[in-house]
Structures are given as C-alpha cells and as structure tokens.
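Please look at the sequence and the model together as you read.

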Amino acid sequence: MSAASAMSAVLPLATLASSLLTAAVIFMLPEQAVRTRTALNLAAALIKLVLVIWMARGLVAGEVYAVEFPVVEGLSFVLQVDELGLTFAGLSSLLWLFTTIYAIGYLEDSPNRRRFFGFFSLCVASTLGISLAGNLFTLLIFYELLTLSTYPLVAHRGTPQALAAATVYLRYTLSAGLVLMIGMVALQVLAGDLRFGQRELLAALGPEARPWLIGLFWLLTLGFGVKAALVPLHGWLPRAMVAPAPVSALLHAVAVVKAGAFGIVRLVYDVYGIGFSASLGVLDGLVVIASVTIVYGSLRALAQQELKPRLAYSTVSQVSYIVLGIGLFGPLGTIAALAHLLHQGLMKVTLFFCAGNYAEELGIHRIDELDGVGRRMPLSSLAFTIGALGMIGMPPLVGFISKWMLGMGAVQAEMPWVIAVLVASTLLNAAYFLPILNRLWFRPGPAHGIGTWPAERAPSRLETSAWLLLPALATALLSLLAGMLAGLPFSPLQWATRVVEQTYLMP
Amino acid sequence: MTELSLAPFPLLRLPLAPLLFAALLWPLLLSLRAALGATISLGQLRPHLSRPLNQPLNQPLNQPLNQPLNQPLSQPSSRSLHRPLDWLWISAPLPALALAVLGPDGSLWLEAWLLGGYWELDDQRRLLLAFSALLWGLAGWYARGYFAAEQAQAAAGDRDSRSRLLRFALFWPLTLCGNLLLLVAEDIASFYLGFALMTFSAYPLVIHNGSREARTGGLAYLVMAVLGEGMILAGLLWGAGTGSALTLSELRATLATADMGLWMGLLLWLGFGVKAGVIGLHLWLPLAHPVAPTPASAVLSGVMIKAGLVGWLSTLPLGMAGVDQSFHGLGLAMLVAGLVGAFAAALWGVAQRHPKAVLAYSSVSQMGMLAALVAIGLLKPDSWPALSVLLLFFAAHHGLSKGALFLGVGISEQPPRLPAWLLWTLLILPALSLAGALGSGLIAKWGTKKALEAAGEETLAFWLSLATVGTTLLMAQTLWRQWRQGLQHAPTATDDRRLLASMPLAWLISVLAALSLPLWFSWLAGGIEGVLSGRLAGRFAWPPLSALPALLWPLGLGLLLSLALGWSLRRVAPRLSDWLPAGDLWWPLAFCGRWLWRLARRLLQGLASLQAAWVAWWVAREGDGLAGLDTLTRAEDWLRRQLALLLLAVALMLAAVLLLSAKSRLLWP
C-alpha cells in the first residue's frame, strides 16, 4: 500500500467526516457555546472546501479516490470521486461556507441554534455523500439522510405554518424515497450491484429487458423528480418557504433541489449512459417535462405577491434547465446541464441571501414593500440585481452562459423548438424580476421619506450586519466573475466541459 | 477628395489593445466612480453614520471614491458628490474617439472572456465609432449645461436632485460602454452583451425626471426592449447553434446557407428592428424621446437606434453571394416595412405638438429609409458593396444631424445671447441638412440616388425622394413647435445665457460636425487604401448643379405642403395631437395588454386554485383512508368485546343447524 493509495481512501472519508463529525460535536456542545460553535462551523466548512479542492487537483492529475466495503452479500457501500461528483461536491462545500457565515449572522440571538447548526451540518454531509456516492444504494442512503436532516430545518421556527410545511415536505420526499428504493431494488435484481460509470451493464441486457428498463427509468425519475421539483411534483417547494432564509438558500441552491437534479444526472449519465438513454427514447420525455416545468414555474412566479414564493417558483423553473440540458442528447446539452448546476446555485443563493436581508433588516416580505430599498440597502440590492439579471440570462452573468449552451445544445440535438422555451422563460423571468428591480432602484419609498418600512432593525454601521451582507456580495461577485471569465481553466463552464470530455465521450 | 484618402495620422498609429481597453474601461471606471459616490452619499444620508464634519470617514467602503480626486474626505460638499457631471465625467468617450482616429486595423482575441472574446477594428467599425463617440461626447458636454440648475440644487443640499444626478452620472457612461462594446465586438457573446448593456442602462436615463409621463415612456421602452432582446436571443441562439458560430461573420455565413436561415434572419431583423424603430416596433421612440432629458434623447436617437442598424449589418447575410433564395422575400418585407414606416411616421409625426416627439417620428421615418436601403442588400447583393458604405454615411449623417436637432430643442428653450436670426439660422441648418438640402444630407441623397440608379432601383429612389417630402414636413413642424415654445418660455434671470457655456458650445460644435461630416468622414474612411478609397472619392462628391433640381424638388414640395397644411389646419391643429397622440399604437396595445394581463392573472389564479383543489382532493382521500382505518380499529374493538357472545351465537347456530338437519334425516338409528 503506497501513500497515494492510502490517501485515496482517506480523502473522501475525511471530506464526509468533516461535516458529519461537526454535526456530532455540535449536538454535544451546550446551547450557549456560541463562539465554539461558530469557530467549529467555519473551520469545518473551510477544511471541507480545501479537501474538495485538493481532490479536484488530484483528480486532474490522475489520482483515484475510492472507498468501498460490503454491507450484505452483493451490495456494498461505495464512495468514489469522479468529475461529476466533484462538481456537486464543490458547489455544496463552497456554498456551505457562505451559507454558514450567513446563518451565523441570521440566527444571532435566536433560540435552538444547536439543533439548527447540527442538522445544518448533517444536511451538508448528506449532500456530500450524495455527490461522492459510487452506486445507487449509497446514493439512496444519503438521499434519505438528507430528507430526514432537512425536516428539522424546515420546521425550525416551530410555528403551525412551519410545521405544516415541514409535514408536506416529509410526505413528498418520503414517498419519493420509497419509490426510489423500489426502483433501485428492481435494478439490482435486473443487473446486480451496479457502480456508477458501468454503463455497459444495462445496455448489455438485451432487448427483452428494454420495457423493464424504460419503466424503471421513469420510476427512478419520479423518485428524483420530487426533490428536483419537476411539475407536478413541486408542491412542497413553495410551501417550504417558511423556513429561515439560510435554509431556503441551502434548499434551493445546493441541498435538496440540487440533490434531485443530481440524481437525474447520475441516472442518465452513469447508470443508463446517455447513449443508451437516447436509444431507449427516454430523453425526449425529459425535455418535454423540463420544458413544461420551466414555463409553468415562471408563470406561477409571475402571479406571486411575496418575494420568497416568487423566488421559489423561479427555482422550480430554473432547476429544470438542468433536466433540460440532460435531455438534450449531445455534449453541449450536457455541458449546459452541469454548468447550470453550478450557475443556478450561485445565483439563487445570492437572491435568497438578499431576500433574507430585506426581511431581517426592514421586515420586508411582500414585493410591493420594496419601493426605494436600493437607497437604504444599496449593496444588498446590487447583489440582488446581479442575481436577478443572471436569472434573466443577461450577459456577462452566469445565467447567460447556461442559456447560451442550452440553446446550442438544443440545436445540436435537433430540437430548435427548445429555443422558444428558453426565450419564453427569458421573457417571463424579465417580467417577474424587472419590476422588482424597478421598485428597488427607481421608485421612491421610505428611504425617500414616503411611508415607513414594515419593521426596521436598529441601524448598524453597514446597511445590515456584515455576516449577512458579505456572503451575498461574495456569491454575487462569483456569479459575475464565473460568467465574465467563463474561459478560465477552473470556471464552471470549463469544468463542465472537462467533465464531459472525461466521462461522456468515453464509451 | 482623393488627396484625403490617406490613413488619418498614418505615422501616429498606436497599438490596438491598449486603446481598445482604454475606450471600454474608461467609461466603466467613470460609472464606477459615480456608483461609489452614490454609496457614500447614501451613507451620509443615514443619520447614524453622520459624524463631525472635520473627522475623516473611516469606513473602508467609503474611502476609494474621493481619493482619485484628491479631495478632502470630510467635506460633504466635495464636488464629485454634489456635481457628479464634472469634466472628468465628460471625458468618457474620448478614449473611444482616440481609438477611432488613431487605432490601427486589427483584432484582439481574449480567451478568458465569456465564450471567447474577439474584438475587431476595421473601417466600418472605425466610422461608426467615430461618429458615435463624437455625439456621445458632445451630448455629455451639453448635459453638463443642461443639468446646471439641478447640479446647483444638489450642491445646495437637495437630496433628490443629487441622487438623480448621480444616477445619471452612473448610467450614462455605462450605456456608452455598451454602445462601444457592441461596435467593436466580433464575437456574438460580446456583441449581445454590448447591446443588452446599452439597452438596459438607457432605461434610467429615460425615466430621469421621474414624472408620470417619464414612467410611461420608460415602460414602453423597457417592454419593447425586452421583446426585442428575446427575439435577438432566439435568432442568435438558433443561428449560432446551427453553424457552431462564435463570431458574427460566421453567423452571417450560417444564415446565408442554413435551411431555416430565413426564420433566423426574420427573428434577428425584428429583434434589432425594435431598436431601429421598424414600423410597428417603433412604439417606444415617440414615448421615450420627449420625456428623456434632451442630451439622452440626442444619443438615443442619434446613436443608439443605429445599434439596430449595426445589428442588421452584423447578422444578416447582406450582399453575400449564394444566399438562400427565400431571403428575397425577407428583403421585400424589409423594403415594404421601411417605406411604410418612412411615410406613416411622417404623417403621424406632423400632428405632434412636442418638438421632441416630432423628431422621434422623424427618426422612425429616417430609419425606415435606412431599412429600405438595407433590404437592397438582400434583393440585389451585387450592388451591396457600393451601398453599404453609403449606408454608413447615411447613418452617420442622420445620427449627427438628429443629435444636433435634439440638442437644438434645449437651445431654443433656453437661448444663449445670440441675435435671433443667427440662432434660428443655426437651428434651421441641421433641419435643412436632414431634409437633404445641404451639407451631408445633400451628399447622402445624391449618393443614394446614384447608387440606386446604378442598381436599377429607380422606383425605390423615387419613393425615397417622396419620403423626403415627409421629412421636410416634419422638420418644418419641429422648428415651428420650437418657435412657439420659445415664445412661451420667457428667459428668466436664472438661465445661463452665456454663449460660451457648455450647452450652446456643445450644440454649436454638433451643428458644425453634422454639416462638415462629408469632409472628415471620407478622411477617416480613407484609411482603407485600395478598394474603398477609390470608390469613396466618387461617392461622397457634391452633386453637380444640373442634378440639383432633381434633388431639391422634395424640399420645395415639402415646404409648400407645410405652408398649405399649416394654414389650412390651423384651427384643428391643436386638437390634432390629442386625436393622434404620440406613441400611436402603444395606447390601444397597452389597453389590450392590461386586459390580457388581467385575464392571465385570473387564469393563473384559476390554475392555483385548481392545484389547491387537486391537493385538497388528495388530502380528503387520505382523510377517507384514515377514517377507514379508524372504522377498522373500531370494528376490531367491537369484535374483541363481543367475542364471547359471538362465539356463543355461532355455537348455538351450529347446534341449531345440526338439530334441524337431524330432524330432516336421522343421525342414529
């Protein structure tokens, strides 16, 4: 055993442990140990980020990281690091850092912080497990763990509304987990213990298995589609808006919704294989579902009067871009899907941070209360503007890159009608985001001496607490830079291109 | 003119890359400065941040702004804050001007930028850059005078005017930056970025004064702009995807041969047509122009709507050999739409009361003529090389003349100390030039006529001449409305009437630049030795005297018509503009839009309640299921309690059955 191969097992486990152990320690710490908890949280987030970057560099250099041990005969627990998994792991560890910082500021002096941060870490650990899982069984374990660890977060406030939303959430996700398990078991029976990347196994099953495989594909998509909030399985997402802002940010940008989308990515690319999926004819179905979701989500967002539900429906619509990209057969579609996985995370987390800032600092929840906020909170509003323009798909922000690659992929897949969906989504996005920007910047409001804010907090040195402001600015800056400098080697676009070159084009 | 067909400053050619970066980054830096200024002034607005005046601010965010200006940080009345439109701010387009004059032809490849940046400077771009930067500079200089009163208010401590000015100072250079980027960009992503940046940064300029009309104008501007962006995006995506094109020239080549090239071309034509004011898509022009501050109207009409033309030139397969036959139809549609626009806008425009609305309609009309000329590029590809240079000249001529006319509107409202005859002569000159009677207008008209006759399009030449009658009418109406406004607006003591103030000087130079365009235009274009220069010399020549009657009859007819119409309609004229409001189709469309929106809203609510009903149905089913389970439990309870009795009953029943059966047949003998 050389040192390198020892590292190969240690690194994935250490990355996973960095959040799992943090969760355990936080649960053991007393409620009052604020400083220790803060330090622990930040240190763990940083360590995890460093570990993920380390693995990314190692992977580029050709290292192999994998751990596996059998659970029962013919079924093993596998962690393996590949480019695809690292994409998601990188996103989750980067945004975990920002969200942790934000949550520390957001929950200052509120009760039950031990519980919150404990489950928060657990939630990120499960996201990481999902990204590093090497087979469906391991994926499913962490997928269920994610469900269970986000429930207390959604219900955190303990109000009847929050409890009801959390119940709805649990219903949707648990039944989806059941469906997933049935699908997984059926696949296991058909093809044995199937590692991600062994795409030839299913393809080799022969024509008589095809109806089964198609059925199982849709069954598994149904299971993942609940978390990915595909219409009509999206009902839980807008209701989960009652959760605290950092939780919404995590839910929408990284953890839950993305886990669903990532599950579909794994299903298509690493279980079935894109070529085999295309020959089964299931991709066209994905494109149609995604298109419907994109338009429907945007339409519903348009009708919302409150900020967070509008953002929630926008998530429904934007996450389907990923599914759309998966469905477009061809490398460009895949690049678009993977790049958007990262891009949407950056933009959405910014928007939720800002929405949280407005709610915390000024007590604003409704869109019509946003008049003139740009004068009172210019930096948050700037970050919000960047996020919103990115969602519309304005260059040079990341959203434009996603939209562009999707359009290219659509033409490559000979589905030019998808461009109409993209343009419709752009117009609808503009229709529901531009009025908000207009209110923020160009309408006179309480900052101009007209009316008052719903609930203004005691003023601080900056426009709001630095814990809340800086993460929003950082993610906004990242979503600007990642778009502007999309040609740089480690930008999301280039990484996605690399993933495609590494895993997609190989048989 | 042949002696001028040398490269401008052939010895003094600077390297391209620094010039390009300076041209694009300098406006960006200036708007950043305004943004930082806004942040600081916001900080000062908030009571908890106020501190003794002589104590330096120690907030990290606040520091960078004032340092470049070397001003004490503590003074709340530091100039950059309260007079944001300073000399540095005016200098925004100067590097771009330098680029146009001094930059060598060449291109720049930026690998890290977006999807791969490719910026280029060639003759077409140089000409467009030159007149755009010139007008931007003059309008910026003019703005300094135009906003003098507002600046004074801001310096006196009026927060609203200060924040309005800061906003203007922020978005003006940003719009400029977008405009410049779209001119130099050769890769599609940069081009689209420049276009979008320009479009959306101009919105705050339109709604500058915040009045109700300004909001309507801004709304019209934004709605049309977003629609246009959507169509452009669709066309670009489709075209670029089909040909895997990254640059505009690859896109043109793709469009020319692709199966669905016509539809991509149509989308792009319509998308850019919103900006260029194609009839039907022009609604924002007459609404946004009158409400925008005059310098903003000048650049909107002079330069920014030319971006639509630039879009056509950059994306449509104009003058290319082997273009798909179906493009002929598109060319015809463009031709017809252009001519209809040229006439309809003129007719609607003469009924307007606000001089800037009249000028906006004149822009629609002129852009209609340009669109008709662009159509020739699809209909008669062979004559395109000759026509394209002319088109650029026409665009520059219209841009500068229209800019001068718009700036003149402000001058007639607030006249400098000039004899009335001189003032009005100067105001009339660009109008005459636009009507094709002198200066660049005459040359443009003569060149167009010759080029069209060479291409065998005499009919179009005639129709364009007829459209000039409309232009003359519009010009007469503009000047008449300006005259009337000047009479109503008595000069007050606060007006700055110095001749050497920013406003009159900038206006005077713009009039001069517009009239002298033929001189320096061919001088700039002369940089292209060989192909172009030889032809240019002939093209921008003054018409011979014998050709003048053929060129000037529309002017005469227009003047006669305006006199006749003005006299005969003098009674209805005031009411005419109420019947035919600026923005024409916008009002019925906005009505329909509101109605549709209400309908859509009801539909969406219906959708939401449908979904809620669906969920409720499932919840009810679940309730039913639970109730069923409860019933089961209760049944089980009952069973448990009554078990003994039941068993007894069963036993008795069995016994009874046995007895009965025993009766019927003997069990034992």
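**Spaces, domains and backbone**

In this predicted model, the largest cavity holds about 200 Å³ of space. Its lining is made up of 17 residues, and those closest to its centre are B:M369, B:F394, B:K445, B:T448 and B:T468. If you trace the lining back to the elements of chain B, those that give two or more residues are α16 (355-379), α17 (384-413), α19 (439-454) and α20 (458-488). Among these elements, α19(B) provides the largest share, with six residues. Sorted by class, the lining of the largest cavity has eight nonpolar residues, seven polar ones and two that are charged. This cavity belongs to a set of eleven cavities of 30 Å³ or more that a search of the whole structure finds. As background to such a search, rolling a probe the size of a water molecule over the atoms shows where empty space is left.

By class, the lining of the second largest pocket divides into 31 nonpolar, seven polar and seven charged residues.

We turn next to the domains of chain A. The assignment for this chain gives domain 1, covering residues 14-280, and domain 2, covering residues 335-507. Taken over C-alpha atoms, the centres of these two domains of chain A are separated by 23 Å, and the contact between them takes 33 residues from domain 1 and 28 residues from domain 2. Between them, domain 1 and domain 2 of chain A bury about 2,800 Å², and 77% of this area is on carbon and sulfur atoms. On the side of domain 1 of chain A, the residues that lose the most area to domain 2 are A:E83, A:T87 and A:Y102, which together account for 23% of what that side buries.

How many salt bridges does the rule find across the interface of domain 1 and domain 2 of chain A? The rule finds one. A salt bridge is formed where the side chains of A:R498 and A:E83 meet, with a distance of 3.2 Å from N to O. A:E83 is also one of the three residues in domain 1 of chain A that lose the most area to domain 2.

Most residues other than glycine have a negative phi, and most peptide bonds are trans. In chain A, the peptide bond from A:V231 to A:P232 is cis, with omega near 5°, and A:P232 is placed in the loop between α8 (210-227) and α9 (236-239). A:P395 and A:P396 are likewise joined by a cis peptide bond, with omega at about 0°; here A:P396 is in the loop between α17 (378-392) and α18 (398-412) of chain A. A:D109, a residue other than glycine, has a positive phi, near 60°, and lies in the loop between α3 (83-106) and α4 (113-132) of chain A.

Methods: Residues are numbered from 1 along each chain as its sequence is written. Chains are lettered from A and ligands numbered from 1 in the order in which they are written. This is a predicted model: local features need pLDDT of at least 70, side-chain atom pairs count only at pLDDT 80 or more; totals for chains, interfaces and linings use all residues. Side-chain values use heavy atoms; hydrogens and water are left out. On a 1 Å grid over the protein atoms alone, a cavity is a set of points where a 1.4 Å probe fits but cannot get out, and a pocket is an open set with protein on both sides within 12 Å along at least five of seven lines; lining residues have an atom within 4 Å of a point. Grid points are joined across faces, edges and corners, and a volume is the space filled by probe spheres set on the points. Helices (H or I, at least four residues) and strands (E, at least two) are DSSP runs, numbered from the N terminus. Ala, Val, Leu, Ile, Met, Phe, Trp, Tyr, Cys and Pro count as nonpolar, Asp, Glu, Lys and Arg as charged, and the others, Gly among them, as polar. Domain bounds come from an automatic or database domain assignment. Contact means heavy atoms within 4.5 Å. Buried area is the accessible area (1.4 Å probe) that two parts lose on being put together, summed over both. A salt bridge is a side-chain nitrogen of Lys or Arg within 4 Å of a carboxyl oxygen of Asp or Glu.
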